[in-house]
Amino acid sequence: MATLMTERKRSALTRGRLPKYTPYAIAASAVIVAAALMALVGFNVFGWAVLSAVLFAVGNVGSSAIVEGRRKATDKLATSLVVGAFLLALLPLISVIWTVLVNGVPGLVTPGFLGSSMNGVTGAVDNASVKNGTPVLGGVYHALVGSVLITFWATLISVPVGLLAAIYLVEYSAGNKFSKVITFLVDVMTGIPSIVAGLFAAAFFAMILGPGTKTGFVAAVALSVLMIPVVVRSSEEMLKIVPNELREAAYALGVRKWRTIMKVVIPTAISGIASGVTLAIARVIGETAPLLVTAGFATTINTNVFAGWMSSLPTFIYTQIMTPTSPSNPDPSTQRAWAAALLLIILVMLLNLGARLVARIFAPKTGR
Amino acid sequence: MSKRIDVSDLNVYYGDFLAVEDVNITLDAKSVTAFIGPSGCGKSTFLRTLNRMHEVIPGARVEGKVLLDGDNLYADGVDPVTVRSQIGMVFQRPNPFPTMSIRDNVLAGVKLNSRRISKSDADDLVEKSLQGANLWNEVKDRLHKPGSGLSGGQQQRLCIARAIAVSPDVILMDEPCSALDPISTLAIEDLINELKDEYTVVIVTHNMQQAARVSDKTAFFNIAGTGKPGKLIEFADTTTIFNNPGQKSTEDYVSGRFG
């Protein structure tokens, strides 16, 4: 007759394992020891956190090596390194967002910041607002309009060129020499420093319209030089992953190639293409250098991209910081610059969220 | 509508590589012809030359004649698109268009070519094609749902409905049941039996029972070795191929003593 085996109190399978509370105990002692060590050399929070983390990692790996053996210790060492690298990568991001938030929010919530331009806001106005303690006047409206218009025109140029180039590469070239050259040049273009793109556009328009031509459209051309390779690359990847079966299915129905591309291939890939374009926009909207040499600086609202200088958020930030409106009282300018920086980050973030939304809206439905 | 196909002295190349050599065959109208043979022997390649689909692969070309009721598909100035609208194809893996509803998938041949069609005509065409593919009763309440939400067998029948909606003369099927379970396979085989009343059907299959069940005539393809071209070994009535084949290699293959 079979007897039931009772469960052993201390399982042979868990021998040589540290109890569950060990990491917490090590963490607590690491924090205390680190505090004590820091007290000797002069206390600061950042050093304390770093030292605690290092002590915790050493204690955790060490105790594991002694009790649990080599495999577990290696596992814990790798975990410590991965988590450490993750925190290290996150640190600058958090720091940037925090700094911009702290410095930018007061300016952003100032009445009229989003709705007014810098027209008529002179050094005297800034001096007065500092002296009387009144809210900072002047705003970012002209730069916001400029950024949106310039980016819009850059997108209008880049998307057709980039998408058609990608269609040629994927659907028509069949891997010939010419397509390899294009792919190589696109890769080279991806690495062009943005100032070079700006100089190209400035020189190009100086040649055909005369020197010193600075308009929003010149800036849009400069940005599209930066944007086209990104659009080509992302669209190309998206078109490549459309299954060949779908093209063959369309051909077998007697559908012409260009119709197959227009009505089967692109709709299938549109979510990826759209989010790629949105990310390309997010990448160029923050460009400063090419705009400095192509659109100039403006303090007034200009909604015509084909005539006159135009301001944009990045150049607005640059000029406010480098050449404050009132040299004797730079604080209002600094406040405006931080607020504009916050606005720019919010714009980019919205674009990224938009890209996700676009990808989700256009994604083929599964219907389950 | 249904047309016969006469193939004479057909060689198929991929670049310089001769994939299928010297095929002569006649596929009767309103009949089912099955192609059997080991993997890589050129059955599918040959099938794709019958509606000029093999040209989609870079470097592929053909020598010889394929006559569709006397018209040479490979004559100068023949538009492959015209050929494909008369000779439809169903592929190995079901491939409904993921961006389209069931209804739009059936109408794909019409809509992708931007031919105008009134709503009532479109409704009639959808119902007729889906009934022709034995799918109407299963999907009539969800015509506006995406085609990719159907089961594999239903998707394959949707692809057949899509192929017959453009009213071709010939339907080519490249292993249409190899990704399906036995019940869906049975549904497709029943469908093939019905389709031959109106269409010329050519089917490539690895399943010899299937060839025996559905086809009137069977063609056996074989390959002498890797790198050698595939050849048509024997073409006869299905009963002859399976019961009294003329060639030793055919007998070895159909009786499972291959190689």
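In helix α5 of chain B, the buried residues (20 or more other C-beta atoms within 10 Å of their own, with C-beta atoms placed from the backbone) are B:L125, B:V126, B:S129, B:L130 and B:G132. These residues cover an arc of only 155° around the axis (the arc being that of the directions from the helix axis to the C-beta atoms), which puts them on the same side of α5(B). The model is predicted: local features need pLDDT of at least 70, side-chain atom pairs count only at pLDDT 80 or more, and totals for chains, interfaces and linings use all residues. Residues are numbered from 1 along each chain as its sequence is written, and chains are lettered from A in the order in which they are written.

On the other side of α5(B), B:S120 and B:D124 are exposed, a class that requires 12 or fewer such C-beta atoms, with partly exposed in between. Helices (H or I, at least four residues) and strands (E, at least two) are DSSP runs numbered from the N terminus. Just after α5(B), B:N134 adopts a positive phi of about 55°.

A:I26, A:A30 and A:A34 are its buried residues. They fall within an arc of 65° seen down the axis, so they line one face of α1(A). Their packing partner is α2 (45-67) of chain A. The face turned away from the buried side carries exposed A:Y24, A:I32, A:A36 and A:A39. A:G42, which follows α1(A), has a positive phi near 110°.

Chain A is assigned domain 1 (19-108) and domain 2 (141-362), with bounds from an automatic or database domain assignment. Their centres, taken over C-alpha atoms, are separated by 40 Å. Eight residues of domain 1 of chain A contact eight residues of domain 2 of chain A.

The contact between the chains takes 25 residues from chain B and 22 residues from chain A. On the chain B side, α2(B) gives the largest share, three residues.

Methods. Two residues are in contact if their C-beta atoms, placed from the backbone, lie within 7 Å.
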